[in-house]
Amino acid sequence: MLNERIFHFLKVSITVYIFYTLIYAVWSYLQILDLANLNPNKEWLGSVCYLPHGVRVLMFCFFRYYSIPALYLAEITSPVFVGPNDYIDGWNAAAIGSVLSVIIAVELIKWSKAANGTFSFFRPINFKNYKFIILVIIISALINGLLANSIITLVNPNVTIEVTTVMRFFIGDILGSLSVMLAIWVIFTTLVDTRLIISPEKD
């Protein structure tokens, strides 16, 4: 039993770490391109479409607490491997707040019983089918904007966080998460339509 749990933990950790790093690499490349010229001076403003937040949400919702070590490790190492200039001093501590934001959001929803805590990519996209994940995205985005930036200001007194930065975090986390969700939904439904995989929703 113990060996099975360790093996499961290792599989989850590898999956989470690789998935986060790949999505981060895509996001980092888009940040460098900055096609819409949203941040010409490369300041700490917060991305308006932060794809990695979608990974935080999905991986914790799928794997719960097994995913936390790999999520945090990916948070602090992805910038080193992919974009070492993307983050300011203090991010290693702020990353704890980013991971906690998803945990807090899920626990709040479970406590309030606002949603049943399940969803499936094989179902049509609507609020009823995706209520749980949508609530997690919105609540965690708000918490992350406040918590991560508050930690940064405490750790790095040279940084002053503006309200607009918090709002960009909030909006960016939501848009980024929805983008990742939509991309995965398209992939899954296409695989089902082409009969490469069988939907568990079908008998």
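What percentage of the 203 residues in the protein chain is buried? In this predicted model, buried residues (under 20% relative accessible area, computed with a 1.4 Å probe and protein chains only) make up 43% of the chain. Local features require pLDDT of at least 70 and side-chain atom pairs pLDDT 80 or more, whereas totals for chains, interfaces and linings use all residues. Residues are numbered from 1 along each chain as its sequence is written, and side-chain values use heavy atoms, with hydrogens and water left out.

The protein chain contains 6 helices and 0 strands, where helices (H or I, at least four residues) and strands (E, at least two) are DSSP runs numbered from the N terminus. Of the contacts (heavy atoms within 4.5 Å) with a separation of 6 or more, 77% join residues 24 or more positions apart.

The second largest pocket has a volume of about 190 Å³. A pocket is an open set of points on a 1 Å grid, where a 1.4 Å probe fits, with protein on both sides within 12 Å along at least five of seven lines; lining residues have an atom within 4 Å of a point. The volume is the space filled by probe spheres set on the points, which are joined across faces, edges and corners. At least two lining residues come from each of helix H1 (2-33), helix H2 (51-63) and helix H6 (163-193), and H6 gives the most, with 4 residues. The lining includes Phe-19, Phe-62, Phe-121 and Phe-188.

Ile-96 belongs to helix H4 (residues 91-112) and is partly exposed, with a relative accessible area of 41%.

Conventions:
Buried means under 20% relative accessible area, exposed over 50%, partly exposed in between (1.4 Å probe, protein chains only).
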